Amino acid sequence: MSFDIISMILLWFGLYYIVSLSLNMEFGYAGIPNFGKALSVLVGAIAVGGILDRLLMLYFKINGDFITGSTYATSAINTIIASHPIVGIGILILAIILASILGLIVGAIFILPSAKLKEDYLGITLLAISEAVFLICTYNLNIIGGYYGISTPDILAFVSGEYRGWVFAGIVLIIAFLVFLFFERLLNTPFGRVLRAMRENENTVRAFGRNIMMLRIKTMAIGSAIGAIAGVLYSLYTVNIIANAFTRVDWTFFPFLMVLLGGKGNNKGVALGVLCYVVIKVLLDIYKYNIKYALNIPFEPVWLSYMLFGVLMLLILYYKPSGLIPEKPILTPPMKKKIAEIKQ
Amino acid sequence: MVIRMIKIKNLNAGYGKLQILFDINAKVEKGKITTVVGPNGSGKSTFLKTLFGLTKIYSGEIIFNNKNIAHVPPHQKARMKIAYLPQTNNVFADLTVEENLKIAGYVLDKDKVKERIEIALNIFPELKNILKRKAGTLSGGQRQFLAMGMALVRDAEVLMLDEPTAQLSPKLAEVIFGKIVEMRDEFGLTILLVEQNAKRALEISDNGYMFVSGKVAFEGTAEELLNHEKFKEYSLGITAL
Amino acid sequence: MIIEGAIIYSNLLVLLALGLTLTYITTNVPNFAQGSYAIVGSYVALTLLKLFGICPYLSLPVLFIVGAIVGLLTYLSLKPLIKRNASVEMLMIATLAIDLILLGVIGAYSEVLSQIVGSTQAKFVFANLDFSIFGFRGILFVSTLVVILLLFGLYLLLYKTKFGIALRASMENPSLAQTMGIDVEKTRLFSWILSGALAGVAGGLLPFMQEIVPATGDLIIISIFAASIVGGLRHISGALIGGYIIGISESLITYYLAMAFGAGFLVYGKVVSLIIMIATLLIAPYGITGVDWKKVRKRLFSQ
């Protein structure tokens, strides 16, 4: 039991770290108030449920309605994966590629209204777009099965049940680490610095001849592609997709909580923020009924967790607005040299 | 006998961490016009804002009627009979002229407001025909009349005016200066004036201060200032601006 | 009948959008918790009905007060951030946090109430309690009456009282209002209290119109923002105009879409309001009341 807790924590840490890293680039670095973060994760689910499942149905020549058809298609592919692990890995890579492309496109379109909007209007618009797509996906059963749900391929069909959680957590952590390396490289280039400059003062960046809109589009395209990867991993882990799972609270609010708790603009700080949140979340998930009966709470613990996390967010905003590990000044090689000179 | 209305002691102030005013010592005499002149960015507008409590005061005292009011919030200063007229946005554009005058008397009781509006309209008869118009639709001169009328309604003892003639034609500026003198002579108002149009402003003033880089460069009666060698140099510099 | 529904819905949106606009003007905070304010009201009305048998229409004054308290508490918890000049993004995140807290409280309360009453109260409607006159639903008259009363009251307050003129003055230019001796803090506090109170009343009426669950607030918040933005977040009258535009188009367009393409299209109401909102933002970022109509006329006639 206790071992499972650790694998759960690792898995959720990886998933949320991927989402939070992308949000940190958008919000922490570029200053875009992306209150529609959940959309990118949903895009990942669409890539798996809406595209990959349909491709599988075509491949296995399964007709009939989408929801039952995808059940047959996934069980067919699962039998193949069970004997050919390489197919499972192939499916994962295919899904990630599909999701990244879709994420790039959706992210680039998603941010277009910002051409004319300032922070608050932009944040509201992004939230509203994300929420509207969420509603459509929930109530229209033909996209990703809606509230009814559809099954997705089990890419680890060849691994026995007791180890599946661990192996999956390992895959997610490896991908999260790659994403971390990607962002560290990306944000330590002139691109990363210009994003921070844009957050502080758009006009200065304009004066240096950079196109603000192009910067925003790039940021959101990359951010959404990465967010979509998290959506893919989550959908493949749970082996099914229920559209209601991609809520604003879980995939927008909580990532904001983690980024702000850790320290926006600082990827290592964000890791700490994610870890804190995930440990609390997993423990609450697993022990919720123990807590309920021990404290004699007359309602579902999920409501209590909402109150707790809401209060935690307010406390962060009051007392630690720059997070546990605040953003550090950027030190480019010439600046490091200069500092060394001064020290001598 | 000279009665000091406001005395400023060792005042240091600014915006956030940006200090603008350095160790200012000054006094404003009752029933007189005191004018602060100085080049752009010398901190003269910030000085008025600071007296009214709209900036951050690091240290120093502002003594008004024997009380240190350095840390009294603006809305309470308004109740202490101190009126401040910002340079821009000094009327409520969405409100009618009449509503603007009424709101100016916010801290007074009803009958008093009526009485004060009468007085203001006597000094500024130009406002009588436009009472129902929205202030946003007025011309620059009308707007300035309204802003000064509002200051009169408030029954203040001290009136702080931030560049009341900015962006007005010379002819209109002359009218405004006339009204300022009228307010002093008719009601014995104490007036603290900040002006870009330094020479003309000092000509109607009793006392003057010259600010340079957030410090008092020199002070004296208006006449002394006008004849001061340094002032002549600066005023050439200012007119060149 | 569809028009009847559209008007009822619009009336409720006006109540909610008005509160949103009011607090945005006075404190510059886009309040994501506005929808949940209403649901707090809905559950209080449900409680009064189930425990004391009070008809929801009669409990509106209580809801007004409960809503006012929720609004007040929100403002008090935002105040440290406003004082620190926190950025608007941070304030928005704070209202999202408050919304989540409210959702937790409402959800928990709905289960507690279920235990007291002895049957599940997570989902409910009041439509079965409504009366009817000439074949029209009672809620049509009540919601219209509430909006008329509200507008009349607001008009009296804003144009005929000293406090109202001060309120308008501090909405337009808070620092100048301060120099006039107006305590701007008081007007901010007032706007949050009124905003909460209006939402509380809307919450008592909402269950006559649609099914309520604890998360309903998160759903209607999109329409509320759409209404406020389309009308213009800078003017109180914007909420009125925007409320009717969004309310009526959301109801009618969705209805005709459903007629044409089948009942599945009924769920797209929010998408309709979203599209109208985005279109407005792109054409006239400050909404209908923010458009300089004189300029538009000039441009039209000069061609």
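How many bridges join strand β4 (residues 56-64) of chain B to strand β5 (residues 67-68) of chain B? I started my notebook with that one, and the count is two, with the strands running antiparallel.

**Entry: ground rules**

I am working on a predicted model, where local features need pLDDT of at least 70, side-chain atom pairs count only at pLDDT 80 or more, and totals for chains, interfaces and linings use all residues. Residues are numbered from 1 along each chain as its sequence is written, chains are lettered from A and ligands numbered from 1 in the order in which they are written, and side-chain values use heavy atoms, with hydrogens and water left out.

I noted my terms here: helices (H or I, at least four residues) and strands (E, at least two) are DSSP runs, numbered from the N terminus. Two strands pair if DSSP finds at least two bridges between them. I looked up the partner of B:I63 and found B:N68, in β5(B). β4(B) and β5(B) make a hairpin with two residues between them, and B:N65 in the turn has a positive phi of about 50°.

**Entry: the six-stranded sheet of chain B**

Next I traced an open sheet of six strands in chain B, ordered β6-β7-β8-β3-β9-β10, with mixed pairing. β6 (82-85) and β10 (215-221) of chain B stand at the edges with a single partner strand each, so one side of each is left without a neighbour in the sheet. From one strand to the next the twist averages 15°. A reminder to myself: strands of a sheet pair through backbone hydrogen bonds, either parallel or antiparallel.

(Contact means heavy atoms within 4.5 Å; axes are lines fitted to C-alpha atoms, for helices over the stretch in contact, and angles run from 0 to 180 degrees between N-to-C directions.)

I found B:F211 bridged to B:V216 in β10(B). This hairpin has two residues between its strands, and B:S213 takes a positive phi near 50°.

**Entry: chain B against chain C**

Which chains touch? I found two pairs of chains in contact, and chains A and C share the most contacts. No contact joins chain A and chain B, and their closest C-alpha atoms lie 18 Å apart.

I took chain B and chain C next: 24 residues from chain B meet 18 residues from chain C. They bury about 1900 Å², of which carbon and sulfur atoms give 62%. (Buried area is the accessible area, 1.4 Å probe, that two parts lose on being put together, summed over both.) In chain B, the residues that lose the most area to chain C are B:H75, B:F92 and B:Y106, together 37% of what that side buries.

I counted one salt bridge between chain B and chain C, a term for a side-chain nitrogen of Lys or Arg within 4 Å of a carboxyl oxygen of Asp or Glu. C:R168 and B:E99 form a salt bridge here, at 3.0 Å, N to O. α2 (74-79) and α3 (97-104) of chain B each supply at least two residues of the side that touches chain C, and α2(B) gives the most, with four residues.

**Entry: chain C against chain A**

Here 47 residues of chain C are in contact with 43 residues of chain A, and about 4000 Å² is buried between them, 78% of it on carbon and sulfur atoms. I found two salt bridges across this interface. C:D99 forms a salt bridge with A:R248, the closest N and O atoms being 3.2 Å apart.

**Entry: salt bridges overall**

The structure holds 26 salt bridges over all chains. I looked up one within chain A: A:E202 and A:R206, whose closest N and O atoms are 3.6 Å apart. They are separated by about one helical turn, because they are four residues apart in helix α9 (residues 202-207) of chain A.
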